[in-house]
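Please keep the model in view while going through the numbered points.

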Amino acid sequence: MPDTFALESEDIRKTFGHFTALAGVTLGVKRGEFLALFGRNGAGKTTFLKIAATLVRQSQGKLRVEGIDTREEPERARRHIGFLSHNTYLYRDLNPVENLRFFSRLYGMPDSEERILALLDRVGLRRRASDPVRAFSRGLHQRLGIARVMLHDPSVILLDEPYTGLDANAVEILNQILDQAASAGKTIILTSHDLEQGLRAATRAAIIDRGKIVFDSGAKDPAIRDAYAAYIRLGVGR
Amino acid sequence: MRSKILGVLVLVLMIANLYMIFVFAPNEATMGVIQRIFYFHLPFGVSSYLSAYLLGFASIMYLIKHDLKWDRLGASAGEMGILFTSMSIMSGALWAKPVWGIWWTWDARLTLQFLLGLIFLSYLMLRAYLPEREKKAALGAVFGILAMVDVPFNYLSIRWWRTQHPQPVILGGGLDWDMWKVMMVSFCAFAALYAYLLDRRMAIARVEEEVEYLEHAILAHD
Amino acid sequence: MSPVIAIVFKDIVIEMRSKESVSSMLMFGVLVLTIFSFAFEPSSIERSLIAPGTLWVAFSFAAILGLNRSLAMEIDNDCLQGLLLAPVDRGNLYIGKVASNFTFMMIAEVIVLPIFVIFNNLKFNLQFLEIAGIAVLGTFAIAAIGSILSTISANTRMKEVMLPVLQIPLTVPVVISSVEATSMVLSGDTKGISSWLYLLAGFSIVYLTVSYLVFEFVVEE
C-alpha cells in the first residue's frame with residue numbers, strides 16, 4: 001500500500017558540479033516511523049533532507065511527502081514538512097514571539113498567539129519571550145529553532161544533526177518533543193553521526209554512504225552496530 | 001572535423017574579404033579610404049548584438065533544461081560579446097577621429113555599444129565569483145535573462161537621450177552596388193569567423209570541465 | 001495576512017530595532033549631495049544643470065547600500081532558507097522583498113529630497129511634488145531589479161562589491177529617464193516628459209514580472 005508512506009523517494013540523484021552527493025536514494029518511510037539516518041560528513045545525509053524539504057532541487061528522481069510530489073506541488077508539500085538544521089533560520093533582531101509570529105504568518109495560520117506561547121512553554125523559553133534572539137546562547141537558539149519547526153504542526157519532521165551544539169537541558173527538551181511527536185503518530189527522520197543518540201527513540205535505522213543507502217533495518221537489529229562501525233568509524237572502501 | 005572545415009572556410013573567406021575590402025572596393029567620395037573601416041565595423045557591431053541574443057537564448061534554455069551545454073553556450077557568447085563590442089568600439093573610434101575629429105562621443109549608438117560591453121563584463125565577472133558549477137550556471141542564466149530584457153530599455157532611453165551617429169546608409173539604399181558586394185562578402189566572412197570562434201570556445205569549455213573533473217577525481221582518491 | 005505583507009511587516013520591525021538600512025542610505029545620500037556641492041561652484045549656472053544628476057546618483061547609490069543591508073539580514077543565520085521552507089511561492093518572497101526595500105528607500109528619500117531642495121535653492125511648491133512623484137517611480141524600478149540582483153550577488157564571494165557591478169549597468173535606463181524627467185520639471189518645460197515616465201513604469205512592470213518568474217532559480221540549489 002503505497003499511500004501509507006509519509007515520505008517516499010525514487011532514485012534521487014544530486015550532483016554538485018562533478019561531486020556526486022546522492023547516487024540514487026530510494027527510500028520509503030511509513031507514517032509514524034522514526035528513522036535514524038547515519039552517515040559520515042559528506043555522505044549525503046544533509047543533501048537528502050534538504051531535497052525532501054524542497055530547499056535543494058534534485059538532479060534526478062522523484063520524491064513525495066504525504067503523497068505530494070515535492071517538485072510538482074512544492075507549496076502544498078511544504079505545509080507537511082518541518083525541517084531543523086544546524087542553522088536555526090531565526091532573525092537575531094526579533095524576539096522569540098516575533099520570530100514565531102512571522103513564521104506563522106508565512107504558514108497562513110490565523111490566531112497563532114496562544115499556540116506560540118504554548119510552544120515557548122514547551123521549550124522553556126516563556127520567560128525569555130521578549131528578549132531579542134541576538135542575546136541567546138547556542139542552546140537557547142536551538143530550542144527556539146525546535147519551536148519554529150513544530151509551529152505549523154508538521155506531519156513529517158526532518159532533523160539534520162539536531163543534537164550538535166545542544167546543552168544537556170536542550171537535549172532533554174528535544175527528546176521530550178520528539179517523543180511526544182512520535183506518540184502523536186508523526187513521521188520523524190533524524191540524521192546523526194552518533195549511534196546512541198540517534199538510536200534512542202528510533203524504530204528504524206539506515207546508513208548512507210557516498211550517496212547511497214548501504215544499510216536499512218529495524219533500530220533494534222544488532223547488525224546496525226557492525227554496519228555503523230564499518231561504514232562510519234572505519235569507512236569501508238576508502 | 002567540423003571545426004577543421006569551418007577553419008578552412010574562415011581562412012578562405014577572410015582572404016577573399018581582405019582582397020574585396022582593400023583592392024576591389026571603390027574609394028568613397030567624401031570620406032576616402034577611411035570608409036573601408038565600415039566593412040569591419042558593421043560586422044563587429046552585428047556580432048556583438050548576436051552575442052547578446054545568443055546569451056539570452058542560452059540562458060532561457062538552461063533554466064528550462066538544466067543542461068550544462070547551454071551554460072557553456074551562454075558563457076562563450078558572453079566572451080564573444082566582450083570581444084566584438086570592444087572591436088566595434090575600437091574600429092568606430094579609428095573611423096571617428098579623422099571624420100568627426102574626436103575618438104569618442106556620448107552619442108546614442110556609441111553609448112549603447114559601450115553599455116552592452118559593460119553588461120557582458122558584469123556577466124563574466126559574476127560567473128568568475130560564483131564558486132559552484134551549478135550556481136554559476138543558474139545565476140549566470142538568470143542574469144543573462146535580466147540583461148537581455150535590459151537591451152530594449154537601454155535602446156529606447158539612450159535613443160531619446162541623444163543621437164549623433166550617422167544614420168545607417170545601408171538600409172537607406174544609398175550604398176554603391178560594388179560596396180554592397182564587399183559588405184556582403186565581409187558579413188559572410190565574419191559570420192563564419194563567429195561560428196568558428198564559438199565552436200572552438202565551447203570545445204575549450206568542455207575540456208576545462210573535464211580537467212576540473214579529473215582534478216576532483218584525483219583529489220578524492222587520496 | 002498575506003506572506004508579502006508579513007515579510008514587509010517583519011522587515012519594518014527589524015529596521016525599527018536596528019535602523020541600519022535607512023540610516024546608512026540616508027547618510028550616504030546626504031554625503032553624495034554634499035560632495036557634489038564641493039565639486040561644482042555653488043552659484044554657477046551648471047549647478048542647476050547637474051542638480052538632477054546629483055540627486056539620482058545619491059538615490060541609486062544609496063539604494064545599493066540599502067539592498068546590501070537588507071540581504072545581509074536574510075543571509076545572517078541562513079534566514080532566507082527559513083523563508084524558503086514556508087509554503088509560499090518563491091515569486092511572492094521576491095515581491096515581499098521588493099516591497100520592503102522600496103519602503104526603506106522611500107523613507108530615506110523623503111528626508112534626502114528636502115535637503116536637495118534646500119542645497120539647490122529650489123522651492124517647496126508643485127515642482128517639489130512632481131520630483132517626489134518621479135522619485136517614487138524611479139525608486140520602484142530600482143527596487144524591482146535590485147531585489148533580485150542583490151539575491152544573486154549574495155551567492156558570490158565579495159557580495160557587497162558584486163551588487164553595484166551587476167546593478168549599475170542594468171539601471172542605466174532608469175537613471176537616464178529619472179534624470180531627464182527631473183531636469184524637465186526643474187526647467188519648467190515638461191513637454192515629452194510622459195515618455196520618460198512610461199519608460200520608468202514599463203521597466204518596473206517588465207522586471208517585476210521576469211524576476212517573479214525566475215526568482216526560484218536564484219534561491220534554489
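**Note on chains A, B and C**

1. Charges in chain C. The side chains of chain C include 11 positive and 17 negative ones, and the centres of these two sets are 4 Å apart. The model is a predicted one, and every value in this note was computed from it.

2. Fold of chain C. Nine helices and zero strands make up the secondary structure of chain C. Followed along the sequence, the pattern reads α-α-α-α-α-α-α-α-α.

3. Dimensions of chain C. The C-alpha trace of chain C extends over about 55 × 35 × 35 Å along its principal axes. A compact globule of 221 residues would have a radius of gyration near 17 Å, and the 18 Å of chain C agrees with this. Of the 221 residues in chain C, 55% are buried.

4. Contacts and surface of chain C. If one takes the contacts in chain C between residues at least 6 apart in sequence, 78% of them join residues at least 24 apart.

5. Chain C against chain B. How many residues of chain C are in contact with chain B? There are 31 in chain C, and they meet 29 residues of chain B. The size of an interface is often expressed as the accessible area lost when the parts come together. Between chain C and chain B about 2700 Å² is buried, with carbon and sulfur atoms giving 80% of that area. On the side of chain C, the residues that lose the most area to chain B are C:Arg157, C:Leu170 and C:Phe217, which together account for 19% of what that side buries.

6. Fold and dimensions of chain A. The secondary structure of chain A consists of eight helices and 10 strands. Its radius of gyration is 18 Å, close to the 18 Å that the globule rule gives for 238 residues, so chain A is as compact as a globular protein of that length. Along the principal axes, the C-alpha atoms of chain A fill a box of roughly 50 × 40 × 35 Å.

7. Interior and surface of chain A. Buried residues form 57% of the 238 residues in chain A. Among contacts in chain A with a separation of 6 or more, 69% are between residues 24 or more positions apart. Chain A exposes about 9700 Å², of which carbon and sulfur atoms supply 49%. Chain A carries 35 positive and 29 negative side chains, and the centres of the two sets lie 4 Å apart.

8. Two residues with positive phi. Most residues other than glycine have a negative phi. A:Tyr89, although not a glycine, has a positive phi of about 60 degrees. A:Tyr89 sits in the loop between strand S6 (81-84) and helix H3 (96-106) of chain A. Is A:Tyr89 buried or exposed? It counts as buried because its relative accessibility is 1%, which is under the 20% limit. C:Met158, also not a glycine, has a positive phi near 45 degrees. C:Met158 belongs to the loop between helix H6 (126-153) and helix H7 (159-170) of chain C, and at 35% relative accessibility C:Met158 counts as partly exposed.

9. A residue in chain B. B:Leu11 is part of helix H1 (residues 2-24) of chain B. B:Leu11 counts as exposed because its relative accessibility is 54%, and the limit for exposed is over 50%. The C-alpha atoms of B:Leu11 and B:Ala189 are separated by 8.6 Å, although the two residues are 178 residues apart along the chain.

Note on methods. Residues numbered from 1 in each chain as written. Chains lettered and ligands numbered in written order. Predicted model: local features only at pLDDT ≥ 70, side-chain atom pairs only at ≥ 80, totals over all residues. Heavy atoms only, no water. Helix = DSSP H or I, 4+ residues; strand = E, 2+ residues; numbered from the N terminus. Rg over C-alpha atoms; globule rule 2.2 N^0.38 Å. Buried < 20%, exposed > 50% of the residue type's maximum accessible area, 1.4 Å probe, protein only. Contact = heavy atoms within 4.5 Å. Lys, Arg positive; Asp, Glu negative; His and termini not counted. Charge placed at Lys NZ, Arg CZ, Asp CG, Glu CD. Buried area = accessible area lost by both parts, 1.4 Å probe. Areas by Shrake-Rupley, 256 points an atom, 1.4 Å probe, with all protein chains shown as cover.
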